[in-house]
Protein chains: 2
Amino acid sequence: MDLLNTIISNIKTINKEWYSIAQQRLDNLTKPQGSLGRLEEFARRLVAITENTMPVLDKKVIFTFAGDHGVAEEGVSAFPKEVTRQMVFNFLNCGAGINVLARHAGAEVVVVDIGVDYDWGLSQDLRAKRSEAVESGLSPYGPTAFILKKVISGTRNMRKGPAMTRQDAEQCINVGIELAIEYAQKGYKIFGTGEMGIANTTPSSAIAAVLTDKPVSEITGRGTGIGDEVLRNKIRVIEDAISLNKPNPLDPLDVLAKVGGAEIGGIAGITIGAAANRIPVVIDGFISTAGALIAYCIEPKTEDYMFAAHNSVEIGHKAMLEKMGLKPILDLNLRLGEGTGAALAMLMIEAGLKIYKEMATFGEARVSNEIQN
Amino acid sequence: MDLLNTIISNIKTINKEWYSIAQQRLDNLTKPQGSLGRLEEFARRLVAITENTMPVLDKKVIFTFAGDHGVAEEGVSAFPKEVTRQMVFNFLNCGAGINVLARHAGAEVVVVDIGVDYDWGLSQDLRAKRSEAVESGLSPYGPTAFILKKVISGTRNMRKGPAMTRQDAEQCINVGIELAIEYAQKGYKIFGTGEMGIANTTPSSAIAAVLTDKPVSEITGRGTGIGDEVLRNKIRVIEDAISLNKPNPLDPLDVLAKVGGAEIGGIAGITIGAAANRIPVVIDGFISTAGALIAYCIEPKTEDYMFAAHNSVEIGHKAMLEKMGLKPILDLNLRLGEGTGAALAMLMIEAGLKIYKEMATFGEARVSNEIQN
């Protein structure tokens, strides 16, 4: 059996008895029952996911997968394609949104080149450059890990044919799975997903349309901020790509290969790997949710391990969340990606765990809990 | 001129030119313009409030005002009245929700007895007991400040007459103002509001009904979790109190005195004091918003300094926020109070500031920002 199928066979549905065990403690804390709303939900879920009455979230990591998109040549994005690699350098110099917000949340950032159309040269050189920047104080916040796992040098233009081969798509998922296993073994307790890839709302909308069975026009938004005419073109490009490639909605790997992207596959892999290792995974925004949806369609049990970070501005986001039954934690009009929403949501999930672990019970605090209804 | 009027005369509308100054920097950071949504709004507002292009939020404090309510004897709450003082002890032992979440947000908690119906004995004893708990490791998280500023020993039952005198109501506001001045002078950069007072959703609903001109039944919720019959009784009690006392909606001090509470007055005072000292103030949930609404009706310019922490489960919350034009930051089904939502929202506001201050610009990161629309 190959890696993907072996891992999938390891994913188990959550045992909901753990919810009752957690709720029993929550209901005994010095507060009206249920008054901490979704924070209590987060605590219950963490207990059930980890099968541990006192879960720990001391090591947090956000995986930011980077990949390029051949479809960028169709003029679907507001930014030129070289911004993908420029932003990878920005991540490594700790200057991007994800660096700032992951630091705020106490999470590490792991940048993964899974499909960038750029030759970084000898990776040793790049690492040396990084250490230099950190040592020289140019990057005062410590290193961001950079992992080279390039499966492809960008997808092909999906308007002209499949974005990648089925083998490459599976390999992208495997990269994510292997990283999940590695970071689980290193003791990381919660994962977040993120991405960078100019034009990648285009394949994400294509995936959303195919897997939720909605019209492309209802599921396609403005990405980094395109105008009306570019949006109309983007919709046409996605419609063309779907009608040319005919991705099979019952075969998520086929969808990923024909109208997806490398970073989306990596995110699907992290999600599957998290579930197999009983690790909660915080799904960022629109593109990450497309990756999570691929994972969900491969194995619906993965949903038990997902937290939807936020409600993206991208109009197709909601349909994907609804398909998986996920309710976003935050709603702050974000549309940056990179994992920024996941970092912020981790702060709320951790708040739920802290409430559960650190509040006094009625007995400990000698507070009356006789209720008069 | 008395303290309240002097302070009010110091409150200035925000100069919106600071928004443009902040936006200029935000638009030059390595992200699509506007893509960090409300985080950008928070940064703009902090710059304008503080009139500082590089605001600092290093010292944060949440004021949790405690007061009792004579109307509790009408059976409007699920919990007995002594829970107010029991919860104050719980705050001082760092066992309550607000202790946990303030710690998570890096904020200090200041508990203010402004109207609890309980004699704490010599305050020195209490303080000694606190230090003992901290030193013995029973309270491992350091002390919570306890400030005795008792104006009344609980309100009178507003179903039988005014909750307090106009003088007491003004004194409660003054306590809040004085604390705001004191903590501004101590260098605190952001305030949060919170409260504890069994039955205090009842006066808050009364205030909301009077000041938003909505029917009591549309604005009264289940508080700590009452059933249908108690809810019907609560609505009748509020309607009776309003028709008996006839609070004048054009005179917020009259409303606070007749159908309000001491802690609600303290919150109004902190809000007014924050605005006069150009300090952002994070308004927690339903009861805090009733206090903020009193402040707003005294001086609408206070709104410029407020952040609405979250969307409370209490049904009357929305009408008050709408009246002030505030949009809540979080929506996590919270209904605990104490300042818990304010603590969580501070984490998001701080995230906005960090993005603004710490992200690299396009120039610094050498990222292309030629946009094709």
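This is a predicted model: local features need pLDDT of at least 70, side-chain atom pairs count only at pLDDT 80 or more; totals for chains, interfaces and linings use all residues.
**Entry 1: chain A overall**

I began with the secondary structure. Chain A has 15 helices and 6 strands. Next I looked up the overall dimensions. The C-alpha trace of chain A spans about 70 × 50 × 45 Å along its principal axes. I then checked the radius of gyration. A compact globule of 373 residues would come out near 21 Å, and chain A has 21 Å, so the two agree.

I turned to burial and contacts. Of the 373 residues in chain A, 64% are buried. Among contacts in chain A with a separation of 6 or more, 80% join residues 24 or more positions apart.

I also noted the surface and the charges. Chain A exposes about 13,000 Å². Carbon and sulfur atoms supply 47% of that area. I found 39 positive and 44 negative side chains in chain A. The centres of these two sets lie 2 Å apart.

**Entry 2: aromatic rings**

How many aromatic pairs does the structure hold over all chains? I have 20 in my notes. I checked burial for the two residues. Phe42(B) and Phe307(B) are both buried.

In chain A I followed a cluster. Ring pairs link Phe63(A), Phe65(A), Tyr183(A), Tyr188(A) and Phe191(A).

**Entry 3: Val100(A)**

I looked up Val100(A) in helix H5 (residues 97–105) of chain A. Is Val100(A) buried or exposed? Val100(A) has a relative accessible area of 0%, so I logged this residue as buried. I set aside its neighbours within four places in sequence and listed the rest of its contacts. They are Lys354(B), Ile355(B), Glu358(B) and Met359(B). I also took one C-alpha distance within chain A. Val100(A) and Thr340(A) are 240 residues apart along the chain, with their C-alpha atoms separated by 8.7 Å.

**Entry 4: Asp254(A)**

Asp254(A) lies in helix H10 (residues 252–259) of chain A. Its relative accessible area is 11%. The cut-off for buried is under 20%, so Asp254(A) counts as buried. Which residues does Asp254(A) touch, not counting those up to four places away in sequence? I listed Arg166(A), Lys246(A), Pro247(A) and Asn248(A).

**Entry 5: positive phi values**

I noted two residues here. Arg278(A) is not a glycine, yet has a positive phi of about 55 degrees. I placed Arg278(A) in the loop between helix H11 (262–276) and strand E5 (281–283) of chain A. Glu338(A) is also a residue other than glycine, and its phi is positive, near 70 degrees. Glu338(A) belongs to the loop between helix H13 (317–324) and helix H14 (340–358) of chain A. With a relative accessible area of 2%, Glu338(A) is buried.

**Entry 6: Gly325(A)**

I stayed with the loop between H13 and H14 of chain A, where Gly325(A) is found. Is Gly325(A) buried or exposed? Its relative accessible area is 57%, so I logged Gly325(A) as exposed. From C-alpha to C-alpha, Gly325(A) and Ala308(A) are 9.8 Å apart. In sequence, 17 residues separate them.

**Entry 7: Thr220(B)**

I moved to chain B. Where does Thr220(B) lie? I found Thr220(B) in the loop between helix H8 (201–212) and helix H9 (228–245) of chain B. Thr220(B) is buried, with a relative accessible area of 2%. Leaving aside neighbours within four places in sequence, its contacts include Ser205(B), Leu231(B), Lys234(B) and Ile315(B). The C-alpha atoms of Thr220(B) and Ser205(B) are 5.5 Å apart, and the two residues are 15 apart in sequence.

**Entry 8: Asp113(B)**

Beyond its neighbours within four places in sequence, Asp113(B) is in contact with residues including Ala66(B), Trp120(B), Phe146(B) and Lys149(B). Asp113(B) and Glu195(B) are 82 residues apart along the chain, and 10.0 Å separates their C-alpha atoms.

Methods: Residues are numbered from 1 along each chain as its sequence is written. Chains are lettered from A and ligands numbered from 1 in the order in which they are written. Side-chain values use heavy atoms; hydrogens and water are left out. Helices (H or I, at least four residues) and strands (E, at least two) are DSSP runs, numbered from the N terminus. The radius of gyration is taken over C-alpha atoms; the globule rule is 2.2 Å times the number of residues to the power 0.38. Buried means under 20% relative accessible area, exposed over 50%, partly exposed in between (1.4 Å probe, protein chains only). Contact means heavy atoms within 4.5 Å. Accessible areas come from the Shrake-Rupley method with a 1.4 Å probe; for residues, only the protein chains shown count as cover. Lys and Arg count as positive and Asp and Glu as negative; His and the chain ends are not counted. The place of a charge is taken as NZ of Lys, CZ of Arg, CG of Asp or CD of Glu. Rings of Phe, Tyr and Trp (its six-membered ring) pair if their centres lie within 6.5 Å; planes under 30 degrees apart count as stacked, over 60 as edge-to-face and the rest as tilted.
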